[in-house]
Amino acid sequence: MAKFNLIEEPWIPVLRNGRVEEVGIREALVNAHTITRIETPFPLEEAALHRLLLAVLYRALPPVRDKYEALALWERGEFDRESIEGYLERYRDRFYLFHEATPFLQIPDLPQEDLLPWSKLLPQLANGNNPTLFDHTVDKDPPLASYPEVARALLVHQAFAPGGLLRRLGVTSAKDAPLARPAAFLAMGTDLFQTLVLNLVPQEDPGVPIWERKPLRTQDVKGYAIRWPLSGVGVVYVWPSRGVLLVDEGQGVRWMGYGPGVEPQEVAWRDPMVAYRKDNRGAIFPLRLSMERSFWRDFGAMLPAAGGAWPAVLRHAGELEEEGAAFTLRVLGQVSDQAKILDIRREVYPIPKGLVTPKGELLLQRALQLAEDAAKGLRGVAWRVAQGVLGSRDASELQNFANSLPLLSLYWAQLDLDFTDFLSRLHQEGILDLWRNRILKAAQRAWEETRRFVGTEARHLRALAESERAFRGVVAELREKEVKG
Amino acid sequence: MSGKGFLEWLEALRSHREWTRARAVLRRSLAFDPGGYPPAMPYVEPFLQKTGDDGWRREAYYLVAGLFALKDGEHREGRTLARALWEAKQARQSDSQEKRFLALLDADRDQIAHRLRQAVGLVEGALDFAQLLEDLLRWFDPRRRVQARWAREFYGAEEVRKEALAEGQGS
């Protein structure tokens, strides 16, 4: 029995006229220009929902082949209702959350034994060996999830599930979902229509999305029987990372069948929402979020000068911006340690005019370099303090003490606050000097706090006094640095 | 600034014929608790009446008066005790100077008079007594900024001196 069609039923939370409501796929796209944005507290949900809408657009709209066509679309101000409705109508049967033959993004004949609680779909719910981040759900008695809730969870899981132990259907270890490790970039305009156009990066071949393909069966995923090349936005944006079958209990879902999904075949294809960097040996890696640092500190790695690449959405949005569009950047994703999710992040950055230009890149690169150089100096200072306080001990002990000092964490915490402002004023005259002053201030304040932290016994004061010279060296070096942009 | 005012007071005292006797009395006072040696009181109390200080602040004035006498009034602006101690350490190349200095930094109210007398006795030449009084007045501030600055003057030597003085006046 077909039930809960994602095209019509409300399940995508959006902000419209200042209020949060839920809409279906059709409403979200056809009236995207009346919607401010997708509004969810969960960063991963935000990324996954945008990717689904984009995948539909790539197939439903006439292809946007270059910046001029993108601009024409932008100026239209809304999506073509007929194209979207016609397309969705054609694949209507494939968008049911529950369907005997073609449940959306699931496998209809998955074995119904050894069911798992639906909460396994969400990294923000505690289960398995995930640390408890936001919630205290337990595995034995999963709460009943509403259809919209479980539909969103399904989408998130397919996009973000980290690989790891599985032991089902002849597969012992599952592969990473496309966004399990990389950070996803999303350019945000002033309404959902703009946001979608900004992220609708021209593609030669968007590929065939899952709802246009032959429905998956258990035999396809058993022992990873089939593999699809990980390529094409239409495919990768809604990728079947796992075999899932939601069990309908009438008013909601408590349990699900679970197994492997389609095995991804690594190919040379770059996800438009992902930034890439080159490592020392020239291999290309997607940029990840990290536990210790805010993401902006890694902006440098994706700059072309460093052998990296801006995410295609940023380049594309940058091109539209030249023609008058304005946008902000969101970086969404999770921090994981193998299969364990440690943190989920959403970082928001202003994107100034002309960032994605050689001049903007150069300024950004210099600025990041300045901050990192000063940090390196401060690490040396922390080390001196450790030596001064502890005397000659083994290196790891000294390092532990140095790490326990608040010097670097305070320094970066302050710059985290300052960076957004710096970025939004990137095009200003003398911005690098301003940034350098911020760095100096951050360093000085962190050093003051560190002095207070270390202690005031004579031996502490001695260690601090001796390290003070090293600190002054760092400051002097920073002051003298040539920073012409 | 109380340091400057008191220094002027002491300098005036020194320019009188009576200084010879005053010097002996004030030096002698260092063997007692600061402010606890009655013969020294005529030389210090009149100044304190203007400022109305009591408790540790009162003791600090007595202590500085005694140390001033110990050095026979050799004052030089800018040459702090920490710096003079550093110079003494350079000259004698001995670790005991540093140990004494660290002990001085950690001195509490019972020990400070004794340790200061020792330290001042160790150094050659003039000292900045105005600064010394300023520092002693803030010696027991829980943030221990004075001690931190002394440590910087002692270990950081030359280059921190100017900034340190500026900071001392600001706090």
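## Close-up views of a predicted two-chain model

**View 1. The largest pocket holds about 760 Å³ of space.** The model shown here and in every later view is predicted. The lining of this largest pocket counts 29 residues. Closest to the centre are Pro182(A), Val274(A), Tyr276(A), Phe285(A) and Pro286(A). Three elements of chain A each give two or more residues to the lining: strand E14 (276–278), strand E15 (284–286) and helix H9 (299–302). Which of the elements gives the most? It is E15(A), with three residues. Sorted by class, the lining has 17 nonpolar residues, 10 charged ones and two polar ones.

**View 2. Three strands of chain A form an open, antiparallel sheet.** Their order is E9-E16-E17. Strand E9 (184–188) and strand E17 (340–350) of chain A are the edge strands. Each has a single partner strand, so one side of each is left without a neighbour in the sheet. From one strand to the next, the twist averages 15°. Strands of a sheet pair through backbone hydrogen bonds, and the pairing can be parallel or antiparallel.

**View 3. Strand E16 (residues 328–337) of chain A pairs with E17(A) over 10 bridges.** The pairing is antiparallel. Two bridges can be picked out by name. Val335(A) has Asp343(A) in E17(A) as its bridge partner. Gly333(A) is bridged to Arg345(A), also in E17(A). What do E16(A) and E17(A) form, and how many residues lie between them? They form a hairpin with two residues between the strands. Gln338(A) sits in the turn and has a positive phi of about 50°.

**View 4. E9(A) pairs with E16(A) over five bridges.** Here too the sense is antiparallel. In one of these bridges, Leu186(A) has Arg330(A) of E16(A) as its partner. Is E16(A) mostly covered or mostly open? The strand is mostly covered, with eight of its 10 residues buried. In a regular strand, side chains alternate between the two faces of the sheet.

**View 5. E16(A) and E17(A) meet over 10 bridges, and a helix packs on their sheet.** The helix is H2 (residues 43–60) of chain A. Helix H2 touches E9, E16 and E17 of chain A. The direction of H2 makes about 115° with that of E16(A).

**View 6. Ser231(A) lies in a loop between a strand and a helix.** The strand is E10 (227–229) of chain A, and the helix is H8 (233–236) of chain A. Is Ser231(A) buried, partly exposed or exposed? Its relative accessible area is 29%. Buried means under 20% and exposed means over 50%, so Ser231(A) counts as partly exposed. Leaving aside neighbours within four places in sequence, Ser231(A) is in contact with Val236(A), Val267(A) and Trp269(A). Gln265(A) is 34 residues away along the chain, yet its C-alpha atom is separated from that of Ser231(A) by 8.7 Å.

**View 7. The largest cavity has a volume of about 110 Å³.** Rolling a probe the size of a water molecule over the atoms shows where empty space is left. A search of the whole structure finds five cavities of 30 Å³ or more.

**View 8. Chain B has 10 helices and zero strands.** Along the sequence, its pattern reads α-α-α-α-α-α-α-α-α-α. Of the 171 residues in chain B, 51% are buried. Now take the contacts in chain B between residues at least 6 apart in sequence. Of these, 72% join residues at least 24 apart.

Notes
Residues numbered from 1 in each chain as written. Chains lettered and ligands numbered in written order. Predicted model: local features only at pLDDT ≥ 70, side-chain atom pairs only at ≥ 80, totals over all residues. Heavy atoms only, no water. Pairing = 2+ DSSP bridges. Helix = DSSP H or I, 4+ residues; strand = E, 2+ residues; numbered from the N terminus. Axes fitted to C-alpha atoms, helices over the stretch in contact; angles between N-to-C directions. Contact = heavy atoms within 4.5 Å. 1 Å grid on protein atoms, 1.4 Å probe; cavity = no way out; pocket = protein on both sides within 12 Å on 5 of 7 lines; lining within 4 Å. Points joined across faces, edges and corners; volume = space filled by probe spheres on them. Nonpolar A, V, L, I, M, F, W, Y, C, P; charged D, E, K, R; others polar. Buried < 20%, exposed > 50% of the residue type's maximum accessible area, 1.4 Å probe, protein only.
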